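Good morning, colleagues. Please keep the display in view as I speak.

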Amino acid sequence: MTVPVINARLAAEHPDAHCELNYDTPFQLAVATILSAQCTDVRVNKVTPGLFAAYPDAAAMAGADIHHVEDLIRSTGFFRNKAKNIVAMANTVMEEYGGEMPRTLDELVALPGVGRKTANVILGNAFGVPGLTVDTHFLRLMRRLGITTSTNAVTVEKQVMPLLDPAEWTMFSHRLIFHGRRVCTARSPHCEECVLADICPKVGV
């Protein structure tokens, strides 16, 4: 079994796979992705309309009352730390990049609250720069499918990158995440419905 075969099957199964966070700008995507840590995209999408109405861009967020931001994002969990990171990120974007999100991995991961996963989400979806978004679903499926035994996101990212055409990295991430949310769920995977069932070793199932 190869990663391109997995990708091809998932492409046919989930032709509508996409980033499920709602946003209008790269900055808003960065904020939404930070909020999505330990939180569902559905919940984030309920919070961001009010947040972005109050603070639509880096300039507005940089001058935000952090307690107001906390109140607006409270339901996403870890709201104090998230608010601190979002406001700090906005200030850095204003001071170092004139209010525009940077476009390289190294610059993005240097921003407060932005790790490799968030950076790859921004690069792949806002700027069209290929990247693998290794979240909990990606990690779980890669282990279940026997592609890796690692639980480290950076390790798995570097293992998978050479196995697939870079042009497919962003969409492969979306397809895996779609599949992980809808079919290959954490506690009770629906193997009887899975297009990968015949080639999956079902590690840990």
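Predicted model: local features only at pLDDT ≥ 70, side-chain atom pairs only at ≥ 80, totals over all residues.

**Helix packing and an annotated cysteine group**

Let me begin with Cys184, which is found in the segment after α11, the helix of residues 169–182.

UniProt, in an unreviewed entry, lists Cys184, Cys191, Cys194 and Cys200 under "binding site". How far apart are the C-alpha atoms of these residues? No two of them are more than 11.0 Å apart, although the residues span 17 positions in sequence, so they gather at one spot. Cys184, Cys191, Cys194 and Cys200 are also included in the lining of the largest cavity.

The axes of α9 and α11 come within 8 Å and cross at roughly 85°. With angles of 65 to 115 degrees counted as roughly perpendicular, α9 and α11 are therefore roughly perpendicular to each other. On the α9 side, the contact is made by His137, Phe138, Arg140, Leu141 and Met142. These meet Phe172, Ser173, Leu176, Ile177, His179, Gly180 and Arg181 in α11. By class, the residues of this contact divide into six nonpolar, four polar and two charged.

Helix α9, residues 136–144, has a further partner in α10, residues 153–160. Here the packing angle is about 60°, and the axes are 11 Å apart. That angle makes α9 oblique to α10. The crossing of these two helices, α9 and α10, is left-handed. Which residues of α9 meet α10? They are Phe138, Leu139 and Met142, and their counterparts in α10 are Ala153, Val156 and Val160. The contact of α9 with α10 comprises six nonpolar residues, with no polar and no charged ones.

Finally, let us move to an earlier part of the chain. Helix α2, residues 26–35, packs against helix α3, residues 41–54, at an angle of about 135°, with the axes 10 Å apart. Helices α2 and α3 are therefore oblique to each other. Is their crossing left-handed or right-handed? The crossing of α2 and α3 is right-handed. Gln28, Val31, Ala32 and Leu35 in α2 meet Val44, Thr48, Leu51 and Phe52 in α3. This contact has six nonpolar residues, two polar residues and no charged residues.

Thank you for your attention.

Conventions. Residues numbered from 1 in each chain as written. Heavy atoms only, no water. Axes fitted to C-alpha atoms, helices over the stretch in contact; angles between N-to-C directions. Helix = DSSP H or I, 4+ residues; strand = E, 2+ residues; numbered from the N terminus. Parallel < 35°, antiparallel > 145°, perpendicular 65-115°, else oblique. Left-handed = near helix turned anticlockwise from the far one by under 90°. Contact = heavy atoms within 4.5 Å. Nonpolar A, V, L, I, M, F, W, Y, C, P; charged D, E, K, R; others polar. UniProt positions renumbered as here; feature names shortened; annotations may be inferred. 1 Å grid on protein atoms, 1.4 Å probe; cavity = no way out; pocket = protein on both sides within 12 Å on 5 of 7 lines; lining within 4 Å.
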